[in-house]
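Welcome, and here is a short briefing to read alongside the model. It takes helix packing to begin with, then turns to aromatic rings.

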Amino acid sequence: MLNTAIKAARRAATVINRASFDLDRITISEKNHNDFVTDIDQAAEQAIVETLLKAYPDHAILAEESGASKNLNDESEYVWIIDPIDGTTNFLHGYPNYCISIALQQRGVTTQALVYDPVRNDLFTATKGAGSYLNDKRIRVRNHDRIGKALLSSGHGPDPRALAEYLRMYEVVASRCHGVRSAGSAALELANVAAGRIDGYFEKGLKVWDIAAGALLVTEAGGIVGEFNGESDYLHKGDIIAAGPKVFGQMVPLMSAFA
């Protein structure tokens with residue numbers, strides 16, 4: 001199943017990479033304030049869904065652009081969760097920080113994960129119980145003993161209220177760590193936590209397709225993922241902290257006020 005997801009992601013990447021050479025020809029629609037979708041998002045998603053359903057026609061789909069398939073319900077055994085371009089705003093501006101995110105849930109548990117960066121050709125994968133990998137090399141989170149040594153990442157949604165709350169969180173966290181970056185792709189930042197490139201990630205108001213794959217990458221790399229209060233219902237709540245165990249434990253008291 002993971003190999004099929006890789007095949008699907010590479011098909012989508014072909015669509016995305018071709019479009020990246022002529023951004024002026026992309027058709028753009030605004031879903032909400034500063035929340036965009038393009039014809040490339042839709043074409044990439046179609047390539048992913050077609051590849052997955054050709055191999056597994058009975059599986060259900062939950063995708064950012066097309067939504068839920070007709071056979072998605074509480075009894076669905078296998079559900080593919082897809083974000084064809086996580087970081088669409090970056091993609092539109094030619095800023096090379098976006099990715100394809102695909103996760104597979106079996107009976108509600110994420111068992112396979114893929115985050116593919118088509119710009120750098122970085123393929124992050126994880127299988128539940130079998131570890132996380134970057135281009136077939138095992139990866140692990142960094143586990144600093146205190147947050148003062150950590151480089152963290154975050155972001156905020158397009159709603160102006162989300163920005164205001166993010167600025168309050170930034171003030172609390174930035175004064176206690178080495179720095180906070182905001183790169184515009186939740187899935188890719190979670191993959192970077194798994195690879196030890198950054199030490200932790202936090203954000204509010206995310207969707208399941210933003211974080212399902214990245215969360216498994218982090219946990220299989222030895223990290224912890226939870227809500228702002230440390231609980232485990234982050235996929236439904238959409239508020240997430242991901243970090244190595246010690247930094248996670250120090251982030252929760254800081255972020256619990258925003259839960």
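Helix 1 and helix 2 run roughly antiparallel to each other, because their packing angle of about 160° is over the 145 degrees that this class calls for. Please keep in mind that this is a predicted model.

**Helix packing**

- Helix 1 covers residues 2–20 and helix 2 covers residues 39–55, and their axes are 8 Å apart.
- The crossing of helix 1 past helix 2 is right-handed.
- On the helix 1 side, the contact is made by Thr4, Ala5, Lys7, Ala8, Arg11, Ala12, Val15, Ile16 and Ala19.
- Helix 2 contributes Ile40, Ala43, Ala44, Ala47, Ile48, Glu50, Thr51, Leu52 and Ala55 to this contact.
- Sorted by class, the contact between helix 1 and helix 2 has 13 nonpolar residues, two polar ones and three charged ones.

**Aromatic pairs**

- There are three aromatic pairs in the structure, including the two described here.
- Phenylalanine 91 and tyrosine 98 form an edge-to-face pair, because their ring planes stand at 80°; the ring centres are 5.2 Å apart.
- Both phenylalanine 91 and tyrosine 98 are buried.
- Tyrosine 166 and tyrosine 170 have ring centres 6.1 Å apart and planes at 50°, so this pair counts as tilted.

**Setting of the tilted pair**

- Helix 4 (residues 160–174) holds both tyrosine 166 and tyrosine 170, which sit four residues apart, about one turn of the helix.
- Tyrosine 166 has 8% relative accessibility, so tyrosine 166 is classed as buried.
- Tyrosine 170, with a relative accessible area of 33%, is partly exposed.

Conventions
Residues numbered from 1 in each chain as written. Predicted model: local features only at pLDDT ≥ 70, side-chain atom pairs only at ≥ 80, totals over all residues. Heavy atoms only, no water. Phe/Tyr/Trp six-rings, centres within 6.5 Å; stacked < 30°, edge-to-face > 60°. Buried < 20%, exposed > 50% of the residue type's maximum accessible area, 1.4 Å probe, protein only. Helix = DSSP H or I, 4+ residues; strand = E, 2+ residues; numbered from the N terminus. Axes fitted to C-alpha atoms, helices over the stretch in contact; angles between N-to-C directions. Parallel < 35°, antiparallel > 145°, perpendicular 65-115°, else oblique. Left-handed = near helix turned anticlockwise from the far one by under 90°. Contact = heavy atoms within 4.5 Å. Nonpolar A, V, L, I, M, F, W, Y, C, P; charged D, E, K, R; others polar.
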